[in-house]
Amino acid sequence: MNAKPNFDRIAKPYRWMEWLSFGPLLHRARTAWLEDLSHARSALVLGDGDGRFTRDLLAFNPQVHAHAVDLSAGMLAQLRLRCAPYADRVRTTHCDAMEFVPDTRYDLVTTHFFLDCLTRQQVEQLIRTLLPALTTDAMWLVSDFDIPQQGVGRPVAAALVPSLYAAFRVMTGLRTRQIPDYATALQQAGFDLMQRREIFAGLILSSEYKRTRKA
């Protein structure tokens with residue numbers, strides 16, 4: 001069995017690493033649909049890293065409670081620091097998302113720059129595990145890198161995405177090498193794409209899915 005990636009070593013400098021690489025673009029993708037989340041009451045936040053999205057969600061929606069799950073204890077520590085003003089509405093679980101067992105119901109799932117760490121098979125398994133714990137109209141937000149099928153961004157993305165995987169393989173031990181087809185997996189599970197925003201010529205996608213039917 002392959003060793004799990006270790007994101008602890010980049011937890012503290014991650015914000016600045018991200019800023020030096022992409023400026024505000026990744027966080028713009030995370031928060032693209034924030035104004036659509038005023039109805040959320042129970043959010044499952046998978047792999048939010050240092051917690052900037054979780055903080056913004058809790059600040060925007062004073063009714064929502066967030067459950068953050070992450071493989072990295074270091075990232076969760078940063079998240080708790082950043083979300084300290086909302087400590088009564090956030091809880092954290094340190095575990096591999098593939099081993100996570102839901103203990104409540106959620107009307108929102110967020111996976112910002114997280115599904116690209118998984119294989120297609122793992123994405124499908126994760127969705128199957130979470131489905132029984134999701135409300136019938138749950139929303140699922142995804143932000144991730146992408147390689148456009150056409151356009152000026154395609155050659156740049158085709159070169160950059162493998163380079164990002166190579167860099168994270170060196171820094172964290174991540175073994176995944178390509179972006180999984182999460183869109184098809186979500187659609188097969190009963191989620192319809194409601195909105196999608198392309199950022200940086202399509203290199204970054206932010207998508208809003210909603211559960212509309214049974215799988």
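This is a predicted model: local features need pLDDT of at least 70, side-chain atom pairs count only at pLDDT 80 or more; totals for chains, interfaces and linings use all residues.
Helix 4 itself covers residues 73–82, and its buried residues are Gly-74, Met-75, Leu-76, Gln-78, Leu-79 and Arg-82. What do these buried residues pack against? Their partners are helix 1 (14–22), helix 3 (52–60), strand 2 (65–70) and strand 3 (90–94).

Now for the charges. There are 12 salt bridges in the structure, and I'd like to walk you through some of them.

Take Lys-4 and Asp-96, whose side chains form a salt bridge at 3.6 Å, N to O. This pair connects distant parts of the chain, 92 residues apart: Lys-4 belongs to the segment before helix 1, and Asp-96 to the loop between strand 3 and strand 4.

Next, have a look at Glu-18 and Arg-30. Their closest N and O atoms are 2.6 Å apart in a salt bridge. Here too the pair links distant parts of the chain, with Glu-18 in helix 1 and Arg-30 in helix 2 (residues 25–30), 12 residues apart. Are these two buried or exposed? Glu-18 is buried, with a relative accessible area of 4%, and Arg-30 counts as buried at 5%.

Then we have Asp-56 and Arg-55, with a salt bridge between their side chains at 2.9 Å, N to O. Asp-56 is buried, at 19% relative accessible area, whereas Arg-55 counts as partly exposed at 25%. Going back to Glu-18 and Arg-30, salt bridges with shared partners join them with Asp-50, Arg-52 and Arg-82 into one network. Arg-82 is also among the buried residues of helix 4.

Last stop: Asp-107, in strand 4 (residues 106–112). Asp-107 is buried but has no salt bridge. Which side chain of opposite charge is nearest to Asp-107? That would be Arg-41, 6.3 Å away. The backbone of Arg-41 tells another story, though: its nitrogen lies 2.9 Å from a polar atom of the Asp-107 side chain. Setting aside neighbours within four places in sequence, Asp-107 contacts His-39, Ala-40, Arg-41 and Ser-42, along with Thr-135, Ala-138 and Met-139.

How values were computed
Residues are numbered from 1 along each chain as its sequence is written. Side-chain values use heavy atoms; hydrogens and water are left out. Helices (H or I, at least four residues) and strands (E, at least two) are DSSP runs, numbered from the N terminus. Buried means under 20% relative accessible area, exposed over 50%, partly exposed in between (1.4 Å probe, protein chains only). Lys and Arg count as positive and Asp and Glu as negative; His and the chain ends are not counted. A salt bridge is a side-chain nitrogen of Lys or Arg within 4 Å of a carboxyl oxygen of Asp or Glu. A polar contact is a pair of N or O atoms within 3.5 Å; within protein, one must be able to donate a hydrogen and the other to accept it, and residues adjacent in sequence count only if both atoms are side-chain atoms. Contact means heavy atoms within 4.5 Å.
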